Amino acid sequence: MTMADFDWKARFGPIIDELEKDGLEHWATQLQQQLTHRFEDRPHGDLDRWQAALDQLPGLTQIDAQLDQSAVTLTSRQPLTVAQREQLELGLRGLMPWRKGPFDFFGTYIDTEWRSDWKWDRVSPYLSDLSGRRILDVGCGSGYHCWRMLGEGAGRVIGIDPGLLFLFQFFSVKDYLGDVPIDLLPVRMEDLPADLETFDTTFSMGVLYHRRSPLDHLLELKGTLRRGGELVLETLVVEGPEGFSLMPEDRYGQMRNVWFLPSCDTLLRWLDRTGFRNARVVDVTPTTTDEQRSTDWMRFNSLQDFLDPNDPSKTVEGYPGPLRATVIAEKP
């Protein structure tokens with residue numbers, strides 16, 4: 001197997017063409033350059049292995065998808081043979097670790113590290129109707145929430161995440177469903193053109209605390225939205241007054257790339273200062289080891305290893321344990 005087995009031009013050609021037709025030629029040109037660099041100039045060393053895992057998945061027809069329930073579920077009107085089930089298991093395990101989900105592939109249930117459906121259940125009641133909306137999901141992981149957005153009637157969903165394993169996990173679903181209006185681009189937020197102003201709703205869930213400059217991230221998010229568009233922001237927070245935020249000395253929950261954990265009032269002030277309106281906190285929930293944990297599909301350390309064993313309300317570093325807030329705001 002060679003790198004040529006992953007045909008990125010065939011994979012991403014349709015969305016590049018779509019962007020050009022939508023009047024976003026500058027994005028299409030920039031994206032093509034970024035993908036050329038990613039897959040030709042500096043290809044990832046595991047690309048062959050992931051493509052081999054994807055190729056292992058059995059070819060099936062008459063497939064249905066349920067995108068409006070806890071597990072993103074694929075079913076076939078033709079029962080799988082024993083050999084096909086073995087192929088399916090082998091291919092899906094070749095794409096481990098599975099972090100965001102859950103997924104159900106024809107009866108093979110992938111119990112992911114995160115119960116991402118719990119987050120969706122907390123957020124979705126507060127969203128504007130997604131029917132027909134053009135949506136951007138920043139830091140989308142394997143695309144679990146993107147599929148749930150499509151299940152809510154979104155007209156077009158684009159997820160972005162630089163993780164290439166996530167990309168192949170996304171392909172494992174999309175390849176069974178064919179021409180559906182959803183794509184995952186292996187790029188970062190800062191790789192998008194500034195001020196696209198093309199999305200009706202932009203999600204940023206679990207990204208803000210990884211950014212050295214949270215205000216710049218908020219401005220980048222605002223630039224993706226059309227006037228009147230909606231931002232859905234979920235991030236780690238801490239308790240405290242307006243103006244307070246925690247900046248870890250080194251690691252937070254064993255993560256090196258955590259910069260600012262604001263109080264909810266501070267987060268609302270950040271949104272106000274970056275030009276959003278009607279910002280409101282719709283949910284604040286502690287993350288527990290029921291929601292994030294090691295499983296048979298993600299066998300590495302997880303939240304239980306990142307909390308103080310003598311006081312699980314704190315991280316191993318002694319900081320307050322993970323508390324997540326969801327804020328919704330509009331671009332005027």
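**Pockets and a helix pair**

Helix H1 (8-21) and helix H7 (164-177) each contribute at least two residues to the lining of the second largest pocket. Please keep in mind that this is a predicted model.

Which helix gives the largest share of that lining? It is H1, with five residues. In total, 14 residues line the second largest pocket, and those nearest its centre are Pro14, Lys174, Asp179, Val180 and Asp183. By class, the lining comprises six nonpolar residues, one polar residue and seven charged residues. The space in this pocket comes to about 260 Å³.

Let us turn to the largest pocket. Its volume is about 1,000 Å³. Among the 39 residues lining the largest pocket, Lys100, Gly206, Tyr209, His210 and Asn257 are the closest to its centre. Here the lining divides into 18 nonpolar, 12 polar and nine charged residues.

I conclude with the helix pair. Two packed helices are described by the angle between their axes and the distance between those axes. For helix H5 (residues 116-123) and helix H6 (residues 144-151), the axes come within 10 Å and cross at roughly 45 degrees. H5 is therefore oblique to H6. The crossing of H5 past H6 is right-handed.

Which residues of H5 meet H6? They are Ser116, Asp117, Lys119, Trp120 and Asp121, and their partners in H6 are Tyr144, His145, Arg148 and Met149. By class, this contact of H5 with H6 includes three nonpolar, two polar and four charged residues.

Conventions
Residues numbered from 1 in each chain as written. Predicted model: local features only at pLDDT ≥ 70, side-chain atom pairs only at ≥ 80, totals over all residues. Heavy atoms only, no water. Axes fitted to C-alpha atoms, helices over the stretch in contact; angles between N-to-C directions. Helix = DSSP H or I, 4+ residues; strand = E, 2+ residues; numbered from the N terminus. Parallel < 35°, antiparallel > 145°, perpendicular 65-115°, else oblique. Left-handed = near helix turned anticlockwise from the far one by under 90°. Contact = heavy atoms within 4.5 Å. Nonpolar A, V, L, I, M, F, W, Y, C, P; charged D, E, K, R; others polar. 1 Å grid on protein atoms, 1.4 Å probe; cavity = no way out; pocket = protein on both sides within 12 Å on 5 of 7 lines; lining within 4 Å. Points joined across faces, edges and corners; volume = space filled by probe spheres on them.
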